[in-house]
Amino acid sequence: MTETNTALNGDILALETQGLGVKRGQRSVLKDLNLKISPGRWCAIVGPNGAGKSTLLQALVGILPYAGDVFLLGQPLQHQSRQLRARRIAWLAQSSVQSADDLTAYDVVMLGRIPYQSWLGGQSLADHAAAERALKLTHAWAWRDRPLNTLSGGEKQRVLLARLLAVEADIFLMDEPLANLDPPHQVDWLVLVRQLIAQGKTVVSVLHDLTFALYADDLIVMSDGKIQYAGQRDDPALHREIENVFERRIAIQALDTHWVALPTLT
Ligand code: ADP
Ligand code: MG
């Protein structure tokens, strides 16, 4: 472990990139990106469409080729076995509009337990217990026998969230987790993230709802494949940078002890 892999308090960083670059086709989508994610905190990534947020998450889970260095829990990503990585970091992909998935909700959640299953061992009692816990946490247990493609967008998203939780990883990456969720389930998600943080987990979420994003401990502002600013929730300079990357079409204002993003209609 090098000095650069530690957070301010000396803990090993959950994730770090040094000079991360990712190309898609001929285009450089991420450029020389230096990122530090502290453990046991919730970090929200915000930025316009096409900023490279999803690409960043995909590079962090090792499913896209990259230049530069990625460290997962203080060690180079490429030096860790696929199984170890899959136990340490779980990823919820940005939801696709269509899914031809005819697996049941329960079987989908069980896919989250693959990192724990041996070649011949099959599913253990611990795997079933984790799947049940996860489906109950997202209030999706009632649909466990329903094929995924018979669920509504929001119901399906809750099953996919359960699949993520069933991994019981150290770090959870979530790409637009609030997509399709109704307001009560969006609030449930917020409560869930706080529970994960209380358990010492690390959460990184890409969010378009800035008012929700401003509940996170830390925020990263991305545009044009770069990190424009990283700061804590209450940092006024962070708020100005968010307004800038969204072309000042929104303004961040205080409401009680929180922040809200309101449209600017001038
Ligand atoms: P964001 O999640 O911030 O909206 P993405 O990471 O999805 O942005 O995309 C960043 C850029 O990479 C965009 O310009 C997008 O068009 C491009 N891109 C994304 N996926 C692919 C792909 N599979 N092939 C080529 N270009 C892609
Ligand atoms: Mg995206």
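Helices (H or I, at least four residues) and strands (E, at least two) are DSSP runs, numbered from the N terminus. By that definition, the secondary structure of the chain comes to 8 helices and 12 strands. The radius of gyration, which is taken over C-alpha atoms, is 19 Å, close to the 18 Å that the globule rule gives for 266 residues, so the chain is as compact as a globular protein of that length. The globule rule itself is 2.2 Å times the number of residues to the power 0.38.

This is a predicted model, in which local features need pLDDT of at least 70 and side-chain atom pairs count only at pLDDT 80 or more, while totals for chains, interfaces and linings use all residues. Residues are numbered from 1 along each chain as its sequence is written, chains are lettered from A and ligands numbered from 1 in the order in which they are written, and side-chain values use heavy atoms, with hydrogens and water left out.

**The chain as a whole**

- Taken along the principal axes, the box filled by the C-alpha atoms is roughly 55 × 45 × 40 Å.
- Of the 266 residues, 47% count as buried; buried means under 20% relative accessible area, exposed over 50%, and partly exposed in between (1.4 Å probe, protein chains only).
- Among the contacts with a separation of 6 or more, 62% are between residues 24 or more positions apart; contact means heavy atoms within 4.5 Å.
- The chain exposes about 13,300 Å², and carbon and sulfur atoms supply 52% of that area. Accessible areas come from the Shrake-Rupley method with a 1.4 Å probe, and for residues only the protein chains shown count as cover.
- The 26 positive and 28 negative charges have mean positions that are 4 Å apart. Lys and Arg count as positive and Asp and Glu as negative, whereas His and the chain ends are not counted; the place of a charge is NZ of Lys, CZ of Arg, CG of Asp or CD of Glu.

- S54 (OG) and Q94 (OE1) coordinate the magnesium ion (ligand 2) at 2.0 to 2.3 Å. Donors are N, O and S atoms within 2.8 Å of the metal (3.2 Å for Na, K and Ca); water is not among the atoms, so sites may look incomplete.
- Because S54 lies in helix α1 (residues 53-60) and Q94 in the loop between β6 (89-92) and α3 (105-111), the pair ties together parts that are 40 residues apart in sequence.
- S54 counts as buried at 18% relative accessibility, whereas Q94, at 40%, counts as partly exposed.
- Helix α1 is mostly covered, with 8 of its 8 residues buried; among them are K53, T55 and L56.
- Just after α1, G62 takes a positive phi of about 80 degrees.

- G47 is found in the loop between β3 (42-46) and α1, and it is buried at 0% relative accessibility.
- Not counting residues up to four places away in sequence, G47 touches K53, H208, M222 and F246.
- G47 and D235 are 188 residues apart in sequence, and their C-alpha atoms are 17 Å apart in space.

**Residues with a positive phi**

- Most residues other than glycine have a negative phi.
- D224, which is not a glycine, has a positive phi of about 55 degrees. D224 lies in the loop between β9 (218-223) and β10 (226-232) and is partly exposed, with a relative accessible area of 48%.
- D256 also is a residue other than glycine with a positive phi, near 55 degrees. D256 is found in the loop between β11 (250-255) and β12 (258-263) and is exposed, with a relative accessible area of 77%.

**Further positions, buried and exposed**

- V245 lies in helix α8 (residues 236-245) and is buried, with a relative accessible area of 14%. Leaving aside neighbours within four places in sequence, V245 is in contact with P48, V221, S223 and Q228.
- V245 and D224 are 21 residues apart in sequence and 9.6 Å apart in space, C-alpha to C-alpha.
- A169, in the loop between α5 (153-166) and β7 (171-175), is buried, with a relative accessible area of 0%. Beyond four places in sequence, the contacts of A169 include R87, I89 and K201.
- Q26 lies in the loop between β1 (15-24) and β2 (27-37) and is exposed, with a relative accessible area of 77%.
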